[in-house]
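Subject: Structure handover

Hi,

Here is the structure for you to look over.

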Amino acid sequence: MREAQAAARALGLDVVTSEIRRPEDIAPAFEALKGRVDALYVAADPVLNTNRMRVAILAVGARLPTMYGIREPIETGGLMYYGPNFADLYRRSADFVDKILRGTKPGDIPVEQPTKFDLVINLSTAKALGLTIPEAFLLRADEVIE
(Lines give C-alpha, C1' and ligand atoms only; values in the text may rest on other atoms or scores of the structure.)
Protein backbone atom coordinates (compact mmCIF):
# COMPACT_ATOMS: atom_id res chain seq x y z
CA MET A 1 0.00 0.00 0.00
CA ARG A 2 2.86 2.35 0.79
CA GLU A 3 4.24 1.94 -2.73
CA ALA A 4 0.86 2.73 -4.30
CA GLN A 5 0.54 5.81 -2.08
CA ALA A 6 4.03 7.01 -3.01
CA ALA A 7 3.34 6.50 -6.73
CA ALA A 8 0.05 8.39 -6.49
CA ARG A 9 1.65 11.29 -4.68
CA ALA A 10 4.45 11.43 -7.26
CA LEU A 11 1.71 11.90 -9.86
CA GLY A 12 0.11 14.66 -7.82
CA LEU A 13 -2.88 12.57 -6.76
CA ASP A 14 -4.45 12.77 -3.34
CA VAL A 15 -4.70 9.40 -1.61
CA VAL A 16 -7.51 8.24 0.62
CA THR A 17 -7.10 4.79 2.10
CA SER A 18 -9.58 2.39 3.57
CA GLU A 19 -8.51 -0.68 5.48
CA ILE A 20 -10.51 -3.83 4.91
CA ARG A 21 -9.66 -6.83 7.05
CA ARG A 22 -12.94 -8.78 6.93
CA PRO A 23 -15.78 -9.10 4.43
CA GLU A 24 -17.98 -7.10 6.82
CA ASP A 25 -15.64 -4.11 6.33
CA ILE A 26 -16.32 -3.82 2.59
CA ALA A 27 -19.68 -2.01 2.54
CA PRO A 28 -18.72 0.45 5.32
CA ALA A 29 -15.49 1.22 3.45
CA PHE A 30 -17.48 2.19 0.36
CA GLU A 31 -19.79 4.34 2.47
CA ALA A 32 -16.78 6.11 4.00
CA LEU A 33 -15.33 6.81 0.53
CA LYS A 34 -18.55 8.24 -0.94
CA GLY A 35 -17.96 11.70 -2.31
CA ARG A 36 -14.29 11.63 -1.32
CA VAL A 37 -12.73 9.73 -4.24
CA ASP A 38 -12.95 9.66 -8.03
CA ALA A 39 -11.53 6.16 -8.56
CA LEU A 40 -10.27 3.13 -6.66
CA TYR A 41 -7.11 1.12 -6.71
CA VAL A 42 -8.00 -2.25 -5.19
CA ALA A 43 -4.90 -3.93 -3.81
CA ALA A 44 -4.27 -7.63 -4.25
CA ASP A 45 -5.72 -9.08 -1.08
CA PRO A 46 -7.33 -12.46 -0.25
CA VAL A 47 -10.42 -10.89 1.37
CA LEU A 48 -11.02 -8.55 -1.57
CA ASN A 49 -10.34 -11.27 -4.14
CA THR A 50 -12.76 -13.67 -2.46
CA ASN A 51 -15.37 -10.89 -2.44
CA ARG A 52 -14.49 -9.47 -5.85
CA MET A 53 -18.08 -9.61 -7.17
CA ARG A 54 -19.32 -7.63 -4.16
CA VAL A 55 -16.54 -5.06 -4.56
CA ALA A 56 -17.33 -4.68 -8.28
CA ILE A 57 -21.06 -4.22 -7.62
CA LEU A 58 -20.43 -1.62 -4.92
CA ALA A 59 -17.90 0.21 -7.12
CA VAL A 60 -20.25 0.37 -10.11
CA GLY A 61 -23.09 1.40 -7.79
CA ALA A 62 -20.91 4.22 -6.46
CA ARG A 63 -19.84 5.03 -10.06
CA LEU A 64 -16.18 4.50 -9.22
CA PRO A 65 -13.73 3.19 -11.84
CA THR A 66 -11.48 0.49 -10.39
CA MET A 67 -7.92 -0.57 -11.06
CA TYR A 68 -6.83 -3.89 -9.59
CA GLY A 69 -3.58 -5.45 -8.44
CA ILE A 70 -4.69 -8.87 -9.75
CA ARG A 71 -6.44 -9.91 -12.95
CA GLU A 72 -9.33 -12.07 -11.71
CA PRO A 73 -11.68 -9.27 -10.59
CA ILE A 74 -11.81 -7.86 -14.12
CA GLU A 75 -13.77 -10.92 -15.22
CA THR A 76 -16.39 -10.25 -12.53
CA GLY A 77 -16.93 -6.54 -13.11
CA GLY A 78 -13.74 -4.71 -12.23
CA LEU A 79 -12.74 -2.09 -14.78
CA MET A 80 -9.03 -2.54 -15.38
CA TYR A 81 -5.90 -4.53 -14.51
CA TYR A 82 -2.33 -3.68 -15.37
CA GLY A 83 0.36 -5.84 -13.87
CA PRO A 84 2.56 -8.87 -14.27
CA ASN A 85 1.48 -11.78 -16.39
CA PHE A 86 1.29 -14.42 -13.69
CA ALA A 87 1.35 -17.35 -16.13
CA ASP A 88 4.73 -16.08 -17.35
CA LEU A 89 5.95 -15.79 -13.74
CA TYR A 90 4.91 -19.38 -13.06
CA ARG A 91 6.82 -20.56 -16.14
CA ARG A 92 9.88 -18.64 -14.96
CA SER A 93 9.62 -20.25 -11.52
CA ALA A 94 9.63 -23.66 -13.22
CA ASP A 95 12.98 -22.68 -14.78
CA PHE A 96 14.30 -21.92 -11.29
CA VAL A 97 13.13 -25.29 -9.99
CA ASP A 98 14.84 -26.97 -12.93
CA LYS A 99 18.12 -25.16 -12.17
CA ILE A 100 17.93 -26.11 -8.50
CA LEU A 101 17.20 -29.75 -9.32
CA ARG A 102 20.25 -29.74 -11.61
CA GLY A 103 22.46 -28.57 -8.75
CA THR A 104 22.44 -24.77 -8.82
CA LYS A 105 22.37 -23.29 -5.34
CA PRO A 106 19.24 -21.16 -4.86
CA GLY A 107 21.40 -18.31 -3.55
CA ASP A 108 23.31 -18.28 -6.84
CA ILE A 109 20.20 -17.64 -8.92
CA PRO A 110 19.72 -13.91 -9.53
CA VAL A 111 16.46 -12.27 -8.51
CA GLU A 112 14.36 -11.32 -11.52
CA GLN A 113 11.64 -8.76 -12.02
CA PRO A 114 8.61 -9.51 -14.19
CA THR A 115 9.21 -8.78 -17.85
CA LYS A 116 5.75 -9.46 -19.28
CA PHE A 117 2.80 -7.30 -18.21
CA ASP A 118 -0.88 -7.46 -19.09
CA LEU A 119 -3.44 -4.72 -19.57
CA VAL A 120 -7.00 -6.05 -19.28
CA ILE A 121 -10.06 -3.83 -19.68
CA ASN A 122 -13.71 -4.70 -19.02
CA LEU A 123 -15.74 -2.72 -21.56
CA SER A 124 -19.07 -3.75 -20.01
CA THR A 125 -18.00 -2.11 -16.76
CA ALA A 126 -16.76 0.97 -18.61
CA LYS A 127 -20.17 1.30 -20.28
CA ALA A 128 -21.98 0.80 -16.95
CA LEU A 129 -19.87 3.65 -15.53
CA GLY A 130 -20.54 5.86 -18.56
CA LEU A 131 -16.86 5.86 -19.52
CA THR A 132 -15.55 5.93 -23.06
CA ILE A 133 -12.22 4.17 -23.36
CA PRO A 134 -10.17 5.68 -26.21
CA GLU A 135 -9.62 3.35 -29.16
CA ALA A 136 -5.84 3.85 -28.97
CA PHE A 137 -5.89 2.61 -25.36
CA LEU A 138 -8.06 -0.38 -26.25
CA LEU A 139 -5.62 -1.32 -29.01
CA ARG A 140 -2.81 -1.48 -26.43
CA ALA A 141 -4.79 -3.86 -24.20
CA ASP A 142 -3.78 -7.50 -24.06
CA GLU A 143 -7.40 -8.42 -23.47
CA VAL A 144 -10.70 -6.57 -23.73
CA ILE A 145 -13.68 -8.16 -22.00
CA GLU A 146 -17.03 -7.20 -23.54
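What follows is a short account of the fold, the cores, one tyrosine, an aromatic pair and the salt bridges.

This is a predicted model, in which local features need pLDDT of at least 70 and side-chain atom pairs count only at pLDDT 80 or more, while totals for chains, interfaces and linings use all residues. Residues are numbered from 1 along each chain as its sequence is written, and side-chain values use heavy atoms, with hydrogens and water left out.

Overall layout

The protein chain holds eight helices and five strands. Both are DSSP runs numbered from the N terminus: helices are H or I with at least four residues, strands are E with at least two. From the N terminus on, the order is α-α-β-α-α-β-α-β-α-β-α-α-β. The C-alpha trace spans about 55 × 35 × 30 Å along its principal axes. Of the 146 residues, 32% are buried. Buried means under 20% relative accessible area, exposed means over 50%, and partly exposed is in between (1.4 Å probe, protein chains only). Take the contacts (heavy atoms within 4.5 Å) between residues at least 6 apart in sequence: 54% of them join residues at least 24 apart.

Five strands make an open sheet, ordered 1-2-3-4-5, with mixed pairing. Two strands pair if DSSP finds at least two bridges between them. Strand 1 and strand 5 (143-145) are the edges, each pairing on one side only. From one strand to the next, the twist averages 20°. Angles run from 0 to 180 degrees between N-to-C directions, with axes as lines fitted to C-alpha atoms, for helices over the stretch in contact. Strands 3 and 4 are antiparallel and share five bridges. Within strand 4, I121 is the residue opposite M80.

The cores

Nonpolar side chains tend to be buried together in soluble globular proteins. A nonpolar core here is a set of buried Ala, Val, Leu, Ile, Met, Phe, Trp, Tyr and Cys residues joined through side-chain atoms within 4.5 Å. The largest core has 17 residues, and I26, F30, L40, V42, L48, V55 and I74 touch the most other members. Helix 2 (26-33), strand 1 (40-42) and helix 4 (52-61) each supply at least two residues of this core. Helix 2 gives the most, with four. Another core lies apart from it, with 10 residues, including L119, I121, L123 and I133.

Beyond its neighbours within four places in sequence, I26 contacts I20, L48, N51, R54, V55 and L58.

Y68

Y68 sits in strand 2 (residues 66-68). Y68 counts as buried, at 3% relative accessibility. Leaving out residues up to four places away in sequence, Y68 touches Y41, V42, V55, A56, P73, I74, G78, L79, M80, Y81 and Y82. Y68 and Y82 are 14 residues apart along the chain, and their C-alpha atoms are separated by 7.3 Å.

The aromatic pair

The count is one aromatic pair. The rings are those of Y82 and F117: their centres are 5.9 Å apart and their planes at 20°, so the pair is stacked. Rings of Phe, Tyr and Trp (its six-membered ring) pair if their centres lie within 6.5 Å; planes under 30 degrees apart count as stacked, over 60 as edge-to-face and the rest as tilted. Y82 lies in strand 3 (residues 80-84) and F117 in strand 4 (residues 117-122), so the pair ties together parts 35 residues apart in sequence. Y82 is partly exposed, at 48% relative accessible area. F117 is also partly exposed, at 34%.

Salt bridges

How many salt bridges does a search of the whole structure find? The total is nine. The rule is a side-chain nitrogen of Lys or Arg within 4 Å of a carboxyl oxygen of Asp or Glu.

- E19 and R21 meet at 2.4 Å, N to O. Both residues are exposed.
- E31 and K34 meet at 3.1 Å, N to O. Both of these are exposed too.
- D98 and R102 have their closest N and O atoms 2.9 Å apart. R102 is exposed at 68% relative accessibility, whereas D98 is partly exposed at 34%.
- R22, E24 and D25 are linked in a network of salt bridges.

Best wishes
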